[in-house]
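Reader: I would like to go through the charged pairs in this model. Please keep it short.

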Amino acid sequence: MLKTTDLSFNYNSDSSFSFPDIKLEENEHLLILGESGIGKTTLLHLLAGILSPKAGSVLVNNEDLSVLSSKKLDAFRGKNIGIIFQNTVAISSLTVYENLKARLFFSKISNKNKAIDDILNQLDLTQVKKQKPNTLSIGQLQRLGIALGVIHRPKIILADEPTSSLDDKNCNLVIDLLKSQAKESNANLVIITHDQRIKNSFHNTLEL
């Protein structure tokens, strides 16, 4: 469950944002649309607890992120929030398999081998599990980014511009993958983008 109330953020006196309230029940998804500079990434960072709001609250799985200490917030985020960045953030010195193992280690999740094998199979990455990220194709890198964001079965999956650089075919494939992974994790999926092509793929849409 995801809920925000009266959320606002200031970078400085000339750059401030206020956001509409969000309320998602279990298994509900949300598409947030807006042009560059409107505060989309700021909102994603607030939902992830990376930024602290000037005012208002963010509740994930009934936990108010604003009242958690830095240590508890890091632990909560590592377990309950999955972030899929526009450009895949992977450790270049580690293989695909080792990157996923490291992600689970920081989430304190046991039975790592089965979880990794399952996600590699689901995202068609088994054949490249021993390769380093810099040897992967763009599509494989994108699927690795999804794997890193969902392997710990978070309560909320946040995706930042996951389709903006893709053609129509791959755009649809990525949306289908994100939805299927959210279903696997029984998670809310929130996509933040300016890509109008995916508007028809969501029942809930918020335009900033």
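This is a predicted model: local features need pLDDT of at least 70, side-chain atom pairs count only at pLDDT 80 or more; totals for chains, interfaces and linings use all residues.

Reader: How many salt bridges does the structure hold?
Author: Side chains of opposite charge can pair when their charged atoms come close. The cut-off is a nitrogen to oxygen distance within 4 Å. By that rule, the salt bridges in the structure number seven.

Reader: Which residue pairs with lysine 114 in a salt bridge?
Author: The N to O distance of this pair is 2.9 Å. Both partners sit in helix H4, residues 112–122. They are four residues apart there, so about one helical turn separates them. The partner of lysine 114 is aspartate 118.

Reader: How far apart are the closest N and O atoms of glutamate 207 and lysine 199?
Author: Glutamate 207 is partly exposed at 46% relative accessibility. Lysine 199 is partly exposed too, at 31%. Their side chains form a salt bridge, and the closest N and O atoms lie apart by 2.8 Å.

Reader: Which residues do salt bridges with shared partners join into one network?
Author: Here the salt bridges share partners. The one network they make joins Asp168, Asp195 and Arg197.

Methods. Residues are numbered from 1 along each chain as its sequence is written. Side-chain values use heavy atoms; hydrogens and water are left out. Helices (H or I, at least four residues) and strands (E, at least two) are DSSP runs, numbered from the N terminus. Buried means under 20% relative accessible area, exposed over 50%, partly exposed in between (1.4 Å probe, protein chains only).
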